[in-house]
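Please look over the sequence and the 3D structure shown below before you read on.

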Amino acid sequence: MKKLAAFAAAIAMFSGSAFAEVTATAVKGTVGAMVARKMQPVAAGMKLPDDATIVTGANSEVTLAINNGTLTLKSLTTAKLGGISMTATSSTAAVALKTGTVVSEVKQLQGLKTSFTVTTPVGTSSVRGTTHTVSYGPERGMSVSVASGVVAVSSARGGTRPVVAGSSYVQSAGAAPPQVSTQSSQAAQEAARPGAAQAFAPAEEAAQAAQSDGGASELGAEALAELLPSSGTTGTVNVSLAFP
Amino acid sequence: MRKFLLVCLAWCAVGGLRAQSLDDIVAIGDERACSVAELRLMAPAIVASFPGMDGLESRLEEALGRYEPQDRLTKARAGYVVAKALRLRTSIAFVVLPIERYAFRALVLDGVFANTSSGGDVMDGIELLDFVARLGAAYGSRE
């Protein structure tokens with residue numbers, strides 16, 4: 001009987017989404033989950049379906065434990081969960097943010113390939129082990145601020161922009177497609193690596209630098225992917241493109 | 001039909017504003033063009049964003065009473081309602097002449113509305129939700 005149970009556990013572990021579950025760990029105020037077109041109140045400790053739409057009221061917030069990370073939905077946020085799965089080697093989660101603010105904290109575990117994306121109507125933020133905040137509203141567009149690690153922000157109109165720890169990035173709803181460049185507040189990094197200094201400069205500075213040196217500072221996505229792992233941050237870039 | 005039901009719900013509520021409803025929030029989020037009735041449905045959320053602010057609920061009711069429920073909800077109208085309810089003092093122009101135009105400008109200055117927007121824009125549901133969320137962020141510290 002014990003052997004049978006161990007075998008069943010092993011099968012479950014490697015069969016895909018055995019560990020994929022969403023649990024509300026902290027709830028403040030009025031929070032609901034839309035499941036099968038019916039709104040259900042969310043309480044702490046409650047397990048939620050991996051395709052639920054979570055809605056928070058004013059002055060309310062909820063923290064969800066998803067795979068190897070947590071997701072906090074701030075006041076007046078509507079977000080839909082999807083694509084949540086976890087195996088022994090990979091962890092995947094996707095959040096579609098309709099409006100409001102989410103704070104995600106994803107732990108980078110050894111040997112676990114993690115894909116965690118937050119998608120808004122104007123772009124996608126993709127992380128592998130980081131803490132970052134994404135908010136979206138039609139007035140202000142998509143705002144991404146990164147506390148640790150590296151996040152790749154893909155515009156819905158094309159183009160990917162890495163955002164490193166200590167930096168933030170705003171993709172306005174009506175803005176032109178962004179240049180493939182990055183920004184950073186870590187002056188030490190820029191001083192240490194001239195290539196990174198240009199790569200992490202704001203878009204206007206990158207454009208000026210490109211003009212001054214014949215476009216040598218323009219970086220493709222592959223070049224950025226090579227550059228970022230050596231940038232001294234703990235995360236890695238997961239370049240993902242969102243098609244409109 | 002849904003619009004009609006929303007209007008009825010908003011105006012038939014007896015005994016002041018209802019508690020904030022997540023179903024209302026979801027329904028409003030799907031609206032393409034909001035009316036003043038939707039702003040009234042969001043009034044409990046506005047009140048909840050400012051716990052401890054005395055008389056906010058009655059001032060909101062009073063400001064909303066200036067409009068018909070089926071009136072289109074423009075940014076200037078939404079701005080006027082909340083500027084009156086919150087007793088905004090950040091704009092001298094609005095203090096001297098409390099009209100929609102100056103209410104909207106005050107909210108632009110305070111970062112609630114984008115400076116690229118117009119007071120005549122009719123708000124959709126997502127904009128209304130974002131507007132209420134930004135109110136809390138912009139003026140919440142006044143409590």
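**Briefing on a predicted model**

V106(A) is placed in strand β9 of chain A, a strand that covers residues 90-106. The model is a predicted one, and the points below are grouped by topic.

**The surroundings of V106(A)**

- V106(A) counts as buried because 26 other C-beta atoms lie within 10 Å, and the cut-off for a buried residue is 20 or more.
- When neighbours within four places in sequence are left aside, the residues in contact with V106(A) are N68(A), G69(A), T114(A), F116(A), V127(A), G129(A) and T130(A).
- Although V106(A) and I66(A) are 40 residues apart along the chain, their C-alpha atoms are separated by 9.0 Å.

**Two loop residues with positive phi**

- R37(A), a residue other than glycine, has a positive phi near 60 degrees, and R37(A) is found in the loop of chain A between β2 (31-35) and β3 (38-41).
- N67(A), also a residue other than glycine, has a positive phi near 50 degrees, and N67(A) is found in the loop of chain A between β6 (61-66) and β7 (69-73).
- Is R37(A) buried or exposed? R37(A) is exposed, because 7 other C-beta atoms lie within 10 Å, and a residue with 12 or fewer is classed as exposed.
- N67(A), by contrast, counts as buried, because N67(A) has 26 C-beta neighbours inside 10 Å.

**The largest nonpolar core**

- The largest nonpolar core has 86 residues, and those with the most contacts inside this core are L39(B), L128(B) and V132(B).
- Helix α6 of chain B, which spans residues 75-86, supplies the largest share of this core, namely eight residues.
- Apart from residues up to four places away in sequence, L39(B) touches C34(B), L64(B), L73(B), A78(B), V81(B) and L128(B).
- In soluble globular proteins, nonpolar side chains tend to be buried together, as a general rule.

**Chain A as a whole**

- The secondary structure of chain A consists of five helices and 16 strands, and β9, the strand that holds V106(A), belongs to this chain.
- Chain A has 244 residues, of which 43% count as buried.
- Among the contacts in chain A with a separation of 6 or more, 45% are accounted for by residues 24 or more positions apart.

Notes:
Residues are numbered from 1 along each chain as its sequence is written. Chains are lettered from A and ligands numbered from 1 in the order in which they are written. This is a predicted model: local features need pLDDT of at least 70, side-chain atom pairs count only at pLDDT 80 or more; totals for chains, interfaces and linings use all residues. Helices (H or I, at least four residues) and strands (E, at least two) are DSSP runs, numbered from the N terminus. Two residues are in contact if their C-beta atoms, placed from the backbone, lie within 7 Å. A nonpolar core is a set of buried Ala, Val, Leu, Ile, Met, Phe, Trp, Tyr and Cys residues joined through C-beta atoms within 7 Å.
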